[in-house]
Amino acid sequence: MVIDDIAERRRTRRTAYSGYVSVVHPPSPLLTAPGAVPGPPESPDAAVAWHYGDPFGEQRAAAERAAVVDRSHRFVLTITGAERLTWLHTISSQHVAQLGDRRSAENLDLDLNGRVQHHFVLTDLDGTLWIDTEGERGPELLNFLQKMVFWADADPEAAPDHTMLSLLGPKAQQIADAAGIGPLPSTYAAIALPGGGFLRRMPWPTEDSFDLVVPRDRLAEWWSRLTDAGAAPAGLWAFEALRVAALRPRLGLDTDDRTIPHEARWIGGVTERGAVHLDKGCYRGQETVARVHNLGKPPRRLVLLHLDGSADSRPVTGDPITAGGRPVGRLGTLVDHYEYGPIALALIKRAVPADAKLEAGPMAAAIDPDSLPPDDEPQAGRMAVERLRGR
């Protein structure tokens with residue numbers, strides 16, 4: 001009887017969900033705010049404000065004071081059931097079996113070859129696991145989770161009635177106090193919000209970054225509450241500029257269909273602020289993760305590029321990065337930063353030296369040497385092989 005009830009709930013949920021895909025990106029009601037300019041129509045951010053008339057001032061506010069960003073185009077889903085964490089632990093890259101109430105983590109879904117399919121953030125709160133991911137990829141992630149449930153006591157379903165804002169900046173606590181939120185949590189911890197939803201602290205795009213997952217019908221209310229408390233309205237341009245400067249990749253923009261976790265800096269457990277725990281049980285794609293970590297090197301690495309802004313035109317995400325006319329990488333997010341000028345994330349072949357003269361379309365580009373990941377750390381598997389060979 002219990003199994004029949006679970007199966008019926010899943011059939012009902014999938015029928016209801018079938019009409020939701022077409023409204024993954026409804027225009028945000030906050031686009032009616034004064035000065036709001038929507039994201040580029042061809043971008044995944046067209047449904048929210050790109051800026052409110054002062055993009056560099058908004059970035060500065062987010063970095064130095066406090067700003068609130070509309071991220072209501074994120075896809076939100078929930079998982080309920082007593083086995084929600086232990087089940088998700090077995091099919092994803094992060095160690096979440098004992099996550100703990102009101103704790104958060106970043107996680108990946110990999111394919112059989114270890115290539116990244118989905119990046120998502122999760123928070124467990126009062127018996128419900130909340131997940132948010134890229135809006136365009138949310139339906140696919142939900143479909144995968146539903147197919148993998150089998151007879152586990154875990155019930156993934158879309159949560160279109162909830163959405164997201166982000167509060168950024170070192171004065172976030174002052175804003176929270178004025179908005180009636182109270183003491184802010186530590187990194188990856190969460191607190192319940194009055195009237196429903198929750199707030200969690202994230203380690204990016206700045207050290208003072210907070211996501212608010214709130215009921216969709218209260219989105220405008222929370223926006224007004226935070227701006228009335230002193231947070232500057234900031235478009236997604238500000239969020240993206242700070243994210244790029246922090247070397248945090250965004251799936252589908254800074255990755256392609258060949259990207260593995262080591263290339264995109266997603267290796268590490270919750271305490272390392274990563275999305276792939278290296279000491280957990282089997283999951284899809286684990287063999288590639290373990291092999292690269294113990295014996296090999298990733299073929300590419302995510303770096304920060306500084307670009308020459310004097311060019312008459314610009315490349316776009318996905319364009320090749322070249323050195324002497326030879327393709328050596330892929331361009332990710334390109335954005336103008338309020339301090340650094342045009343910057344971008346890029347996946348570059350590991351053999352490309354830090355001082356290489358690069359081109360991204362018509363723009364000259366240079367690797368920020370501080371963005372290069374260490375490449376000389378000893379690998380446990382390689383050291384064991386050498387010991388067996390008597391070296």
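The sections below take up the basis of the model, its salt bridges, its cavities and one of its pockets.

## Basis of the model

The model is predicted, so local features need pLDDT of at least 70 and side-chain atom pairs count only at pLDDT 80 or more, while totals for chains, interfaces and linings use all residues. Residues are numbered from 1 along each chain as its sequence is written, and side-chain values use heavy atoms, with hydrogens and water left out.

## Salt bridges

Side chains of opposite charge can pair when their charged atoms come close. The structure holds 26 salt bridges, a salt bridge being a side-chain nitrogen of Lys or Arg within 4 Å of a carboxyl oxygen of Asp or Glu. One of them joins the side chains of Glu221 and Arg218, at 2.5 Å from N to O. Glu221 is partly exposed at 37% relative accessibility, whereas Arg218 is buried at 16% (buried means under 20% relative accessible area, exposed over 50%, and partly exposed in between, with a 1.4 Å probe and protein chains only).

Two further bridges involve helix α7 and the loop that lies between α7 and α8; helices here are DSSP runs of H or I with at least four residues, strands are runs of E with at least two, and both are numbered from the N terminus. The side chains of Glu240 and Arg250 meet at 3.1 Å, N to O. Because Glu240 lies in α7 (residues 236–245) and Arg250 in the loop between α7 and α8 (286–294), this pair ties together parts that are 10 residues apart in sequence. Glu240 has a relative accessible area of 3% and is buried, and Arg250 is buried as well, with 7%.

The side chains of Arg243 and Asp254 form another salt bridge, at 2.8 Å from N to O. Arg243 belongs to helix α7 and Asp254 to the loop between α7 and α8, so the pair links parts that are 11 residues apart in sequence. Both are buried, Arg243 at 1% relative accessibility and Asp254 at 2%. Salt bridges that share partners join these residues into one network, whose members include Glu240, Arg243, Arg250 and Asp254, along with Arg71, Arg74 and Glu134.

## Cavities

On a 1 Å grid over the protein atoms alone, a cavity is a set of points where a 1.4 Å probe fits but cannot get out, whereas a pocket is an open set with protein on both sides within 12 Å along at least five of seven lines; lining residues have an atom within 4 Å of a point. Grid points are joined across faces, edges and corners, and a volume is the space filled by probe spheres set on the points.

There are 3 cavities of 30 Å³ or more, and the largest cavity holds about 180 Å³ of space. It is lined by 15 residues, of which Arg71, Arg74, Glu134, Trp204 and Arg250 are the closest to its centre. Helix α7 gives the largest share of this lining, 4 residues.

## The second largest pocket

The second largest pocket has a volume of about 470 Å³. Among its 18 lining residues, Pro40, Ser43, Trp50, Thr317 and Leu334 are the closest to its centre. The largest share of the lining, 4 residues, comes from β16, and α7 and β16 (326–337) each supply at least two residues. Domain 1 (20–298) and domain 2 (299–375) both give residues to this lining, so the pocket lies between them; the domain bounds come from an automatic or database domain assignment.
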